[in-house]
Amino acid sequence: MKDTFDSYVTDDGRTIGGVMMDMRGITLRFGGVEAIKDISFDIREGEIRAIIGPNGAGKSSMLNVISGFYHPQEGEVWFRGEKRPPMKPYQVARQGIARTFQNIALFEGMSVLDNIMTGRLTHMKSGMLAQALWMGKAEREETENREAVERIIDFLEIQAIRKTPVSRLPYGLKKRVELARALAAEPKLLLLDEPMAGMNVEEKEDMSRYILDVNDEFGTTVALIEHDMGVVMDISDRVVVMDYGRKIGDGTPSEVRNNQDVIDAYLGVAHD
Ligand SMILES: Nc1ncnc2c1ncn2[C@@H]1O[C@H](COP(=O)(O)OP(=O)(O)OP(=O)(O)O)[C@@H](O)[C@H]1O
């Protein structure tokens, strides 16, 4: 069922469409280190796709290939039916791919609101000159940007901290602001690098709910790296498992959970 190109409806009523992102035979090397070894997998429209694996497996490298930070030596990246030429991260962002980082990357001295506004940059078309010469269009754009940001602030329930400098926020809220900034770009594909890292149980539950809501209400496709297995198994439609740069498993949470190679990798069973 799930490896055909047909769309299907999940048990909880969401529609998963055809292939959005197709990674074909990706190999990425850093000097002598092969961080990714000939990996193929896809991400389908509307799904929540997890990438898991032990430390150093190559997960962040894979996310960096998707977001255009790294360019693989071998393999092809296909997005919505077209082979993607090597692109700069901002060009990838313009295609509708936004991300958060493993270590929060916000402007600490700026307010929550201003941080989220930076997520709108890919939508800002009128520069300074246009703003000076063509006030109507620039004003309209500014209003649209403000409205989009306000919708996200409401959605993620962070009204109370909108004027607060990010440096004053606890860790869990900073993660939520980072999610807000990524959402401000109105991405088609949202990449989350360890969204639960460093969170307590309650914060993890909140973040899980927001990810599910973003997927459900905005129809955003999500690809996430996460170490918390409980969360991964709970919220993902499909999981790809990496170990030492290789793909060792790919399927639904229950398929992956019962995959012997995956069990061995997590238990630290020696490789040939
Ligand atoms: N910029 C880089 N330069 C050199 N080696 C790198 C670079 N980035 C990653 N690597 C190496 O590639 C391999 C995979 O690293 P990567 O960070 O992708 O793994 P990971 O699965 O995300 O790990 P973790 O769960 O610890 O974040 C590691 O051996 C790492 O040392």
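1. Strand 8 (residues 97-99) and strand 9 run parallel and are joined by three bridges; strands count as paired if DSSP finds at least two bridges between them. Within this pairing, alanine 98 stands opposite leucine 190 of strand 9. Helices (H or I, at least four residues) and strands (E, at least two) are DSSP runs, numbered from the N terminus.

2. The model is predicted: local features need pLDDT of at least 70, side-chain atom pairs count only at pLDDT 80 or more, and totals for chains, interfaces and linings use all residues. Residues are numbered from 1 along each chain as its sequence is written.

3. Strand 9 also pairs with strand 10 (residues 221-225), in the parallel sense and over five bridges. Here leucine 190 stands opposite valine 222. Together with helix 7, strands 9 and 10 make a β-α-β unit that is right-handed (with the strands pointing away from the viewer, the path from the first strand over the helix to the second runs clockwise).

4. Five of the five residues of strand 9 (residues 189-193) are buried, that is, 20 or more other C-beta atoms, placed from the backbone, lie within 10 Å of their own. In a regular strand the side chains alternate between the two faces of the sheet. Leu189, Leu191 and Asp193 are buried on one side, and Leu190 and Leu192 on the other.

5. The domain assignment, automatic or from a database, gives domain 1 (1-96 + 187-272) and domain 2 (107-185). Their C-alpha centres lie 27 Å apart.

Key: Buried ≥ 20, exposed ≤ 12 C-beta atoms within 10 Å, placed from the backbone.
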